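Subject: Structure for your review

Dear colleague,

A written account of the findings comes after it.

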Amino acid sequence: MDHADHTNDALLDQQARRESSARSYPRHLPMAIEEAEGVELVDVDGNRYYDCLAGAGTLALGHNHPEVVDAMRDVLDAKRPLHTLDVTTPVKERFVDVLFDSLPDEFAERARIQFCSPAGTDAVEAATKLVKTATGNRSLLAFQGAYHGMTHGSLSLTGDTLAKKPIPNLMADVHHLPYPYDYRPPLGIGGEDGHRAIARRVEEVIANPESGVTDPAGLFLEVVQGEGGTLPAPDEWVREVRHVTREHDVPLVVDEIQAGLGRCGSTYAFERAGIVPDVVTLSKAVGGGLPLSVVLYDERLDDWESGAHTGTF
């Protein structure tokens, strides 16, 4: 293809011939992007757009923010290593310093960090292995409407059944609980009565030996569901879920991959409810536009053997 063929239509046709049929956004946003700055995109035909998607929450500072670009350029110009497996570097240690400083003190003072492969779904997979290893249990709890990723285990935790239908034998022992939604109450009970009923349902599944669910290894929660419809959970309900999981020693895994890093007002969505999770998964905005995911967790869960979880870091 020569430069004369670099039109939206030509590039989209070429993409359709060569890329996987799993591609999604190009089917709804038929453009080939030439330039990006701040909130503006320019396609190859010269059309300008405001980008309200921002990489599904990845670009917290917009496209090519000067501070991000300068930081990248400084690393390259200084010939800093770009890949060291899990050997540390001064840049990596500074990143951990800043990340831990952003956490509530009660969490940060007991926090450990695991660098995963670079997508958010990888952090969820790592968190799944973490809590199963630490507890010795196999069942996992998640919520209807949840989105935790598209890899095998993460898809099992995700509430959307459409993506699951073509995939047989997803991860076993995953159980989905109702999530508060006042517009369409999952138990047919709206408002605070509904929230209390759902909290009781969570406790009943965890505590009742006849619930059909063996002792859970962890409960995965988005404090604000993203793909589920941008649904913020009521603060008091989140506090009750934290109380129940702590009382029954079930690790609470808060998925902040889409909601976190300032998108909900506070740095982390869980801060609004004033809780301290056992595990937090982060990706998207935490990389400043570069692929990165991490798991932050309470040191009491740090029972992994050396090499028990690796990735591209």
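The paragraphs below describe the sheets, the pockets and the salt bridges in turn.

Please bear in mind throughout that this is a predicted model.

Sheets

The strands β4, β12, β11, β10, β7, β5 and β6 lie side by side in that order, forming an open sheet of seven strands with mixed pairing. Its edges are β4 (111-115) and β6 (174-177), each of which pairs on one side only. On average, and with direction ignored, neighbouring strands of this sheet are turned by 20° against each other. Within the sheet, β10 and β11 run parallel and are joined by three bridges.

Strand β2 (residues 40-43) runs antiparallel to β3, and three bridges connect the two. In that pairing, V42 has R48 of β3 as its bridge partner.

The largest pocket holds about 1,700 Å³ of space. It is lined by 47 residues, of which V91, F95, G287, L290 and L292 are the closest to its centre. Two helices, α4 (66-77) and α5 (90-102), each contribute at least two residues to this lining. Sorted by class, the lining of the largest pocket comprises 29 nonpolar, 13 polar and five charged residues.

The second largest pocket holds about 1,000 Å³. Its lining is made up of 37 residues, and those closest to its centre are Y25, Y147, G149, M150 and E227. The elements that give two or more residues to this lining are α2 (25-28), α3 (54-57) and α7 (120-135). By class, the lining of the second largest pocket divides into 16 nonpolar, 16 polar and five charged residues.

Salt bridges

Across the whole structure, a search finds 14 salt bridges. Three of the pairs are described here.

One of them joins D70 and R73, with 3.4 Å between the closest N and O atoms. Both residues belong to helix α4, where they are three residues apart and therefore separated by about one helical turn. D70 is partly exposed, at 40% relative accessibility. R73 also counts as partly exposed, with a value of 42%.

Another pair is E204 and R201, whose closest N and O atoms are 2.8 Å apart. These two residues lie three positions apart in helix α9 (residues 191-207), so about one helical turn separates them. The relative accessible area of E204 is 30%, which makes this residue partly exposed. R201 is partly exposed as well, with 39%.

The side chains of R300 and D278 also meet in a salt bridge, at 2.6 Å from N to O. This pair links distant parts of the chain, 22 residues apart: R300 is in the segment after β12 (294-298), while D278 is in the loop between β10 (252-255) and β11 (279-282). Are the two partners buried or exposed, or does each fall in between? R300 is partly exposed, at 38% relative accessible area. D278, by contrast, has a relative accessible area of 5% and counts as buried, because the limit for that class is under 20%. Salt bridges with shared partners join R300 and D278 with R242 and D249 in one network.

A loop residue

Lastly, I would draw your attention to G212, which is placed in the loop between α9 and β7 (216-221). With a relative accessible area of 65%, G212 is exposed. The C-alpha atoms of G212 and D193 are separated by 25 Å, the two residues being 19 apart along the chain.

With kind regards

Key: Residues numbered from 1 in each chain as written. Predicted model: local features only at pLDDT ≥ 70, side-chain atom pairs only at ≥ 80, totals over all residues. Heavy atoms only, no water. 1 Å grid on protein atoms, 1.4 Å probe; cavity = no way out; pocket = protein on both sides within 12 Å on 5 of 7 lines; lining within 4 Å. Points joined across faces, edges and corners; volume = space filled by probe spheres on them. Helix = DSSP H or I, 4+ residues; strand = E, 2+ residues; numbered from the N terminus. Nonpolar A, V, L, I, M, F, W, Y, C, P; charged D, E, K, R; others polar. Salt bridge = Lys/Arg side-chain N within 4 Å of Asp/Glu carboxyl O. Buried < 20%, exposed > 50% of the residue type's maximum accessible area, 1.4 Å probe, protein only. Pairing = 2+ DSSP bridges. Axes fitted to C-alpha atoms, helices over the stretch in contact; angles between N-to-C directions.
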